[in-house]
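Dear colleague,

I am handing over a structure for your study. Please look through it first, and then read the notes that follow.

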Amino acid sequence: MTNAHAEEPLLSERIRRSLADEIASGALRPGTSLDEQQVAQRFGTSRTPAREALRQLAMDELVEVRPRRGAVVAELSVERLIDMFEMSAEMEALCVRLASYRMHPLERVQLARLHESSAALVEAGDVEAYAAFNLAFHEAIYSATHNAYIAEQALALRNRMAGFRRAQMFESERFRRSFEEHRDIVDAVMRGDGEEAARRMRAHLMKAAGALERHVASLKADNKHGES
């Protein structure tokens, strides 16, 4: 395999994540055409990774392929997004419950330290850095389940929703509330109380879903205002 071929999956994932973020943030509005050649030119790649990125976005229901129009940004369905967050809440609750019982002492200390490190990001108001930390926090919990299959499924679902999970962080004060919710989860994990940790994780994800719902509603209101 040539180096160019080896890099294509990495390029397609970079393109997918960038476009997913723009769709979730509202920078790319529903109905916007995503021409394969233009996407490739924008990211300085061949058409192959651009085509794969659009295929993945279609699988994630962020893009739809229409006859004679090609790929376009899909209309955001709040109901569908809430359904996905509900599924994610149950998956994450399962992970944190198992992690609470199975974590090694060092893993507990590392999770607590990871959470504490995010306090500086909240204080600085650095939403972008906090969003990156948030991924690391949840991945640490997946790993601590010591069940590779569950961890893989949790991460796959998270990746599918990544753009929207990032987008909800930009609602006013959401990432500060997220910090407090993480603190409550960590407290339960440190006590080894898996059921309480799971309950708090479910609440955490559904609050994130509420923030996203408000975010999407504001985007739709902005779109209507722009069209009027």
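**Helix pairs**

The axes of helix α5 (residues 105-124) and helix α9 (residues 174-190) come within 10 Å and cross at roughly 165°. Here axes are lines fitted to C-alpha atoms, for helices over the stretch in contact, and angles run from 0 to 180 degrees between N-to-C directions. Helices (H or I, at least four residues) are DSSP runs, numbered from the N terminus. This is a predicted model, in which local features need pLDDT of at least 70 and side-chain atom pairs count only at pLDDT 80 or more, while totals for chains, interfaces and linings use all residues. Residues are numbered from 1 along each chain as its sequence is written, and side-chain values use heavy atoms, with hydrogens and water left out.

Given their crossing angle, α5 and α9 are therefore roughly antiparallel to each other; angles under 35 degrees count as roughly parallel, over 145 as roughly antiparallel, 65 to 115 as roughly perpendicular and the rest as oblique. α5 passes α9 in a left-handed crossing, a term used if the near helix is turned anticlockwise from the far one by less than a right angle. Ala, Val, Leu, Ile, Met, Phe, Trp, Tyr, Cys and Pro count as nonpolar, Asp, Glu, Lys and Arg as charged, and the others, Gly among them, as polar.

Helix α9 also has α6 as a partner: their axes come within 11 Å and cross at roughly 25°. α6 and α9 are therefore roughly parallel to each other, and α6 passes α9 in a left-handed crossing. Residues of α6 including Tyr130, Phe133 and Phe137 meet residues of α9 including Phe175, Phe179 and Val186. The residues of this contact divide into 7 nonpolar, 4 polar and no charged.

For helix α4 (residues 78-102) and α7, the axes come within 10 Å and cross at roughly 150°. These two helices are therefore roughly antiparallel to each other, and their crossing is left-handed. The contact involves, among others, Met84, Met87 and Met91 of α4 and Ile150, Ala154 and Leu157 of α7. Its residues divide into 9 nonpolar, 2 polar and 4 charged.

**Cavity and pocket**

How many cavities of 30 Å³ or more are there? The count comes to 1. On a 1 Å grid over the protein atoms alone, a cavity is a set of points where a 1.4 Å probe fits but cannot get out, and a pocket is an open set with protein on both sides within 12 Å along at least five of seven lines; lining residues have an atom within 4 Å of a point. Grid points are joined across faces, edges and corners, and a volume is the space filled by probe spheres set on the points.

The largest cavity has a volume of about 50 Å³. α10 (194-227) is one of the helices that each supply at least two residues of its lining, and α10 gives the most, with 3 residues. The lining divides into 4 nonpolar, 5 polar and 2 charged residues.

The largest pocket has a volume of about 270 Å³. Of the 13 residues that line this pocket, the closest to its centre are Arg17, Ala131, Leu135, Ala162 and Arg166.

Yours sincerely

Definitions and conventions:
Contact = heavy atoms within 4.5 Å.
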